[in-house]
Amino acid sequence: MVLAVLLTALLSVLLTPARASAASLEEVTGFGSDPGALKMYRYVPDGLPASRPVVLALHGCTQNAAGYGTGTGWQQLADRWKFSVVLPQQQSANNLSGCFNWFRTADIQRGRGEAASLAQMVDRQLADVSGDASRVYVTGLSAGGGMTAVMMAAYPEKFAAGGVVAGLPYGCAQAAGSPYVCMYVGAAQTPVQWGDRVRAARPGYAGPWPALTVLHGTADHTVKSANMTDLVEQWTEVHGADRTADVSDTVAGYPHQVFRGPDGEAVVETYALTGMGHGQPVDPGSAGAQCGAAGAYFPDVDLCAAHRLGSAWGLG
């Protein structure tokens, strides 16, 4: 009797189809010389085909790769739309608050420091998953948003577009004389001066430049929304566009603008999250435009930044 039960159980196990294991965040070591001493994590959906896009997603201060990947909804969208996500992580030895060093000259130059480490992560990911090098995107929150602008300026050939959430323009700390002035007030620069900072990051580069989307809370007291205005001035100037929006409407009730370049393509897009403080907007749920999980610095405001970015980039 006991033997019969055991045989039945064994047959049940053998005849039951194996379930595919769910994808999980994994650390990648040996991705390059890593001059910025960062950690590399990635999320690759099960069964990801070759030639799919790659998103480089940079957390904010006090955050980590795992929390940012789930909180923002980027991993959720990666499963839904089939792309991979690279999630770098800062180390306390580099910055006690866990911020990417968007303000340090040694970390924002091409071939140096954290910027070079992030570029190496992108190259490793493209090689490992046979990704589409023409569809690589970079985005981040706060300090991660500042580093997003860094990567767009220092490595423009690697990124088709970028998404800055509650972040800052490239070279802002140097222009303002202090990262805190940049964060709390903004830097006094003309559009041409802003553009010159980007062009100096990649001397001789003639384009194309990455398109930019910015999302920023109007009640943000950690990184003033004046930085969104400065980002618009910087990147419209780089793209040769004027500062008059070609589209002004609302999305989910929030002011939304699009600035087009000389060829009519959208080069800068903005969302002003009315009344929102510092953080990355999310809209938890499983409906088409929903993503993310509410939490510290992930306010539920019925608009998911990752979905808006991914949609603009043609990921879905």
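Modeller: Two strands pair if DSSP finds at least two bridges between them. Strands are DSSP runs of E, at least two residues long, and helices are runs of H or I, at least four, both numbered from the N terminus. This is a predicted model, where local features need pLDDT of at least 70, side-chain atom pairs need 80 or more, and totals for chains, interfaces and linings use all residues. Residues count from 1 along each chain as its sequence is written, and side-chain values use heavy atoms, without hydrogens or water.

Start with strand 10. Of its 8 residues, 7 are buried, so the rest of the structure largely encloses this strand. Buried means under 20% relative accessible area, exposed over 50%, and partly exposed in between, with a 1.4 Å probe and protein chains only.

Which strands pair with strand 10? One is strand 7, residues 211-217. Strand 7 and strand 10 run parallel and share 6 bridges. Take His-216 as an example: its bridge partner in strand 10 is Ala-272. Another partner is strand 9, residues 254-260. Here the strands run antiparallel, with 5 bridges. Val-258, for instance, is bridged to Glu-269 in strand 10. Strand 9 and strand 10 form a hairpin, with 5 residues between the strands. In that hairpin, Gly-264 has a positive phi near 90°.

Now follow the chain past strand 10. Strand 10 spans 266-273, and helix 10 spans 305-312. In between comes a disulfide, meaning a pair of cysteine sulfur atoms within 2.5 Å. Cys-291 is joined to Cys-304, with 1.8 Å between the sulfurs. Both cysteines sit in the loop between strand 10 and helix 10, so the link ties together parts 13 residues apart in sequence. The angle about the S-S bond is -95°, which makes the link left-handed. Buried or exposed, what is Cys-291? Cys-291 is buried, at 0% relative accessible area. Cys-304 is buried as well, at 2%.

That link belongs to a set. The structure holds 3 disulfides. Counting bonded cysteines along the chain, the pattern is 1-2, 3-4, 5-6.

One of the others joins Cys-61 to Cys-99, S to S 2.0 Å. The handedness of this link is right, with 125° about the S-S bond. Cys-61 and Cys-99 are 38 residues apart and connect distant parts of the chain. Cys-61 lies in the loop between strand 3 (54-58) and helix 2 (65-71). Cys-99 lies in the loop between strand 4 (84-89) and helix 4 (113-129). Cys-61 is partly exposed, at 24% relative accessible area. Cys-99, by contrast, is buried, at 10%.

The loop between strand 4 and helix 4 also holds Asp-107. Asp-107 is buried, with a relative accessible area of 6%. Contact means heavy atoms within 4.5 Å. Neighbours within four places in sequence aside, the contacts of Asp-107 include Asn-101, Arg-112, Met-147 and Val-150.

Another disulfide joins Cys-172 to Cys-182, S to S 1.7 Å. This link is right-handed too, with 115° about the S-S bond. Cys-172 is in helix 6, residues 172-176, and Cys-182 in helix 7, residues 179-184. The two cysteines are 10 residues apart. Both Cys-172 and Cys-182 are buried.

Back to the strand you can trace first: strand 10 pairs in parallel with strand 7 and antiparallel with strand 9.
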